[in-house]
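Here is a short briefing on one protein model. Keep the sequence and the 3D view open as you read.

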Amino acid sequence: MMDVLYIMYITVAYLFTLYFLFAPYFKQRNFSKFQQKCTSYFIATSLGNESPSEHSIKAESRQQRNTLIQVIHTLTSHTYDCQRDIIQHIAKQNNLQQHILKHLPYASSLQKYHLLSLLSSIIYNDTATMSTLTKYLNSANPHIRTNALIAMLAAKPTELITIISALKFELQPLDIARIITLIRQGSLFVVIEPLFESHNHNLQTLALAIVRNFGIDIADKYLYRIIATEHDPNIIEDAIYTLTALKRPLKYKVIRERLATTSEQQRKRLCRHLSVE
């Protein structure tokens, strides 16, 4: 009797050992297969070989939802003009947005930063989500604040002026760089004139950054007007640097007068910038 119990014990222990040894392998294998399925689906729909409703992806577990979100995030981060209708169809079908929002309140600061970054790739406009993002827009953590802003712009790409003009903080270089990236990816469409015509500091700063990055020639008149009439020295300096980026001459009287009012340190900084340009 003891021998039988001993053999049974050894057999059970052996089976448990095999399970714990090989379970991660099969788990990783299933993960890789689902990841490959998601990637193939998005490639096929992007090429027009499938419609979003055909053979649609269904995430059946928390891990599969996380995998699907990560695949979408990678796709939108590395492609231009990604088809938002397909992504939103998949996100709604699998409740991906709610999946992220459910974990946000209990996440650490680093996790919040990551989750908001993922959210910006799958987001669609609804009241609950906008309310959550508004709360994180007022966060003391600048990185969380930036990702909340990017997610809100991704959800409402036609309301850039309204969103940015309502901000209670000044846009930092990182914020502007992230917005420029959205524009480059085709996720955000901007008309430059209303930004210049606004008296909002953030909108003007963004307009100058867009002109520098995309070399918009028609912005000359706005730059000269800012230099002539603007009272904020930072905006004036930014406008002068933007003119140099466009290879425009600085010989006009209004520019010389403005440069004469700057400090010696600012003029030296501009000279160093011109030598690099």
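Buried means under 20% relative accessible area, exposed means over 50%, and partly exposed lies in between (1.4 Å probe, protein chains only). By that definition, Ile 235, Ile 236, Glu 237, Asp 238, Ala 239, Ile 240, Tyr 241, Thr 242, Leu 243 and Thr 244 are buried in α13. The model is predicted: local features need pLDDT of at least 70, side-chain atom pairs count only at pLDDT 80 or more, and totals for chains, interfaces and linings use all residues. Residues are numbered from 1 along each chain as its sequence is written, and side-chain values use heavy atoms, with hydrogens and water left out.

**Overall make-up**

- The protein has 15 helices and zero strands. Both are DSSP runs numbered from the N terminus: helices are H or I with at least four residues, strands are E with at least two.
- Of the 277 residues, 39% are buried.
- Among contacts with a separation of 6 or more, 65% join residues 24 or more positions apart. Contact means heavy atoms within 4.5 Å.

**Helix α13**

- Helix α13 covers residues 233-245, 13 residues in total. From first C-alpha to last it reaches 18 Å, close to the 18 Å expected at 1.5 Å a residue. The expected span is 1.5 Å times one less than the number of residues.
- Because 10 of its 13 residues are buried, α13 is largely enclosed by the rest of the structure.
- At the start of α13, a side-chain oxygen of Asp 232 comes to within 2.9 Å of the backbone nitrogen of Asn 234.
- Lys 247 follows α13 and has a positive phi, near 65 degrees.

**Helix pairs**

- Two packed helices are described by the angle between their axes and the distance between the axes. Axes are lines fitted to C-alpha atoms, for helices over the stretch in contact, and angles run from 0 to 180 degrees between N-to-C directions.
- α9 (residues 173-184) packs on α11 (residues 201-214) at about 55 degrees, with the axes 10 Å apart. The two are therefore oblique to each other. Angles under 35 degrees count as roughly parallel, over 145 as roughly antiparallel, 65 to 115 as roughly perpendicular, and the rest as oblique.
- The crossing of α9 and α11 is right-handed. Right-handed means the near helix is turned clockwise from the far one by less than a right angle; anticlockwise is left-handed.
- On the α9 side, Ile 176, Ile 179, Ile 180, Ile 183 and Arg 184 take part. Their partners in α11 include Thr 205, Leu 206 and Phe 214.
- α12 (residues 220-229) and α14 (residues 253-261) pack at about 45 degrees, with axes 9 Å apart. That makes α12 oblique to α14. Tyr 224, Ile 227, Ala 228 and Thr 229 of α12 meet Val 254, Ile 255 and Arg 258 of α14.
- The crossing of α12 and α14 is left-handed.

**The loop between α3 and α4**

- Asn 94 sits in this loop. Asn 94 is buried, with a relative accessible area of 1%.
- Beyond its neighbours within four places in sequence, Asn 94 contacts Ile 57, Lys 58, Ala 59, Arg 65 and Leu 68.
- Asn 95 lies in the loop between α3 (84-93) and α4 (96-103). Asn 95 is partly exposed, at 43% relative accessible area.
- Asn 95 has a positive phi, near 50 degrees. Most residues other than glycine have a negative phi.

**Glu 197**

- Glu 197 belongs to helix α10 (residues 192-197). At 48% relative accessibility, Glu 197 is partly exposed.
- Not counting residues up to four places away in sequence, Glu 197 touches Tyr 222 and Arg 225.

How values were computed
A polar contact is a pair of N or O atoms within 3.5 Å; within protein, one must be able to donate a hydrogen and the other to accept it, and residues adjacent in sequence count only if both atoms are side-chain atoms.
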